[in-house]
Amino acid sequence: MHILCIGCGNMASAMIGKWVQHAVTITTVSPSGKTPFGDKIASYTSVSALPHTDFDCVFYMAKPQMVADILPQYTRLNHNTWATIAAGVPIATYKTILGMHTPIIRIMPNTPAHIGEGVCPAYTNDTLTDTVKTRIESLLSPLGAWGWLPSEDDLHTVTALSGSGVAYIYYLIECMAQIATTIGLPAQHATTWAIQTVSGAGKMAQHSTDDVATLRQKVTSPNGVTAQALQVLMQDNRLHQLLNDTMQQAIIRSKQLSNPSL
């Protein structure tokens with residue numbers, strides 16, 4: 001399979017890093033013409049430098065705010081299937097520039113895709129051929145958990161949950177480690193153990209037959225240390241409300257990118 005990636009930022013690099021391990025031939029276009037992958041992939045500074053225009057899929061991986069500036073340069077590639085990871089930009093925007101006949105798939109990945117532990121839901125309102133659908137699914141599968149969404153609006157929620165959610169978890173780890181260090185734990189241990197706590201809990205939840213509420217209850221002895229700690233997080237639904245506010249702000253921003261008039 002041969003794909004073209006427009007842009008090679010952090011998220012693009014995470015996905016490409018996994019794809020190169022699965023015999024996917026990748027070409028990129030980025031202003032510098034440089035990528036973190038050296039000679040493993042071909043890279044060009046502009047679309048005009050591409051040696052051909054036929055690809056199994058073209059991925060838009062640049063910033064959402066740059067779609068209107070970048071995409072018109074690629075209209076001669078509109079006979080290809082296109083996929084995009086740009087948050088908030090609706091399919092209608094791509095079709096306005098590339099043409100209504102161009103198949104567009106929106107994907108909302110996150111950076112753990114680099115190690116095959118990402119979340120990469122997808123949506124399209126086009127009827128894909130079996131060949132195209134198989135190609136897209138074979139690209140998503142190595143990246144982690146994925147699935148087809150029933151509505152484009154669902155991508156706003158996915159952005160708030162897993163797209164931005166990685167940053168929430170990193171911040172949680174950062175806070176836990178900083179607090180433990182302030183109390184007196186060596187910084188190296190605090191960070192390593194905070195990371196392992198989150199990683200281990202996630203893997204336990206992934207592999208357990210219990211739901212997460214049951215797992216929480218199993219590690220919370222009545223009147224014990226964990227029970228007292230959870231009172232702080234759960235009192236007046238405190239953590240739930242904070243996360244709700246956080247995710248709602250992500251959804252608002254995603255919708256603003258989709259419709260700047262909001």
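## Ground rules and overview

Two residues are in contact when heavy atoms of each lie within 4.5 Å. That meaning holds throughout this report on a predicted model.

The protein chain has ten helices and nine strands. Its C-alpha trace spans about 65 × 40 × 35 Å along the principal axes. Of the 262 residues in the chain, 39% are buried. Take the contacts with a separation of 6 or more: residues 24 or more positions apart account for 54% of them. The chain exposes about 14600 Å². Carbon and sulfur atoms supply 57% of that area.

## The seven-strand sheet

Seven strands form an open sheet. Their order is E3-E2-E1-E4-E5-E6-E8, and the pairing is mixed. Strand E3 (42-44) and strand E8 stand at the edges. Each has a single partner strand, so one side of each is left without a neighbour in the sheet.

Strand E1 covers residues 2-6. Five of its five residues are buried.

E1 pairs with strand E2 (residues 25-29) in the parallel sense, over five bridges. Within that pairing, Cys5 has Thr28 of E2 as its bridge partner. How does the chain get from E1 to E2? It crosses through helix H1 (residues 10-19), in a right-handed β-α-β crossover. E1 also pairs with strand E4 (residues 57-60), again in the parallel sense, over four bridges. Ile3 stands opposite Cys57 in E4. Ile6 has Tyr60 of E4 as its bridge partner.

His2 lies in strand E1. Its side chain makes a polar contact of 2.9 Å with the side chain of Thr27. Leave out residues up to four places away in sequence, and His2 touches Thr25, Ile26, Thr27, His52, Phe55, Asp56 and Cys57. Among these, Cys57 belongs to the residue range of E4.

Thr28 is found in strand E2. Is Thr28 buried or exposed? Thr28 counts as buried because its relative accessibility is 0%, and the cut-off for buried is under 20%. A polar contact of 2.8 Å joins its side chain to that of Ser43. Setting aside neighbours within four places in sequence, Thr28 is in contact with Leu4, Cys5, Ile16, Thr35, Ile41, Ala42, Ser43 and Tyr44.

## Helix H3

Helix H3 spans residues 91-98. Its buried residues are Ile91, Tyr94, Lys95 and Leu98. Seen down the helix axis, they fall within an arc of 95 degrees, so they line one face of H3.

What covers these buried residues? The cover includes strand E4, helix H2 (67-70), strand E5 (82-84), strand E6 (104-107) and strand E8 (122-123). Just after H3 comes Gly99, with a positive phi of about 115 degrees.

## Loops between the later helices

Most residues other than glycine have a negative phi. Two residues here take a positive value instead.

One is Asn223, with phi near 65 degrees. Asn223 lies in the loop between helix H8 (212-218) and helix H9 (225-234). Its relative accessibility is 80%, so Asn223 counts as exposed. The other is Asp236, with phi near 55 degrees. Asp236 sits in the loop between H9 and H10. Asp236 is exposed too, at a relative accessible area of 70%.

## Helix H10

Helix H10 covers residues 238-258 and holds Gln256. Gln256 is partly exposed, with a relative accessible area of 28%. How far apart are the C-alpha atoms of Gln256 and Lys34? They are separated by 32 Å. Along the chain, the two residues are 222 residues apart.

Key. Residues are numbered from 1 along each chain as its sequence is written. Side-chain values use heavy atoms; hydrogens and water are left out. Buried means under 20% relative accessible area, exposed over 50%, partly exposed in between (1.4 Å probe, protein chains only). Two strands pair if DSSP finds at least two bridges between them. A crossover is right-handed if, with the strands pointing away from the viewer, the path from the first strand over the helix to the second runs clockwise. A polar contact is a pair of N or O atoms within 3.5 Å; within protein, one must be able to donate a hydrogen and the other to accept it, and residues adjacent in sequence count only if both atoms are side-chain atoms. Accessible areas come from the Shrake-Rupley method with a 1.4 Å probe; for residues, only the protein chains shown count as cover. The arc is that of the directions from the helix axis to the C-beta atoms.
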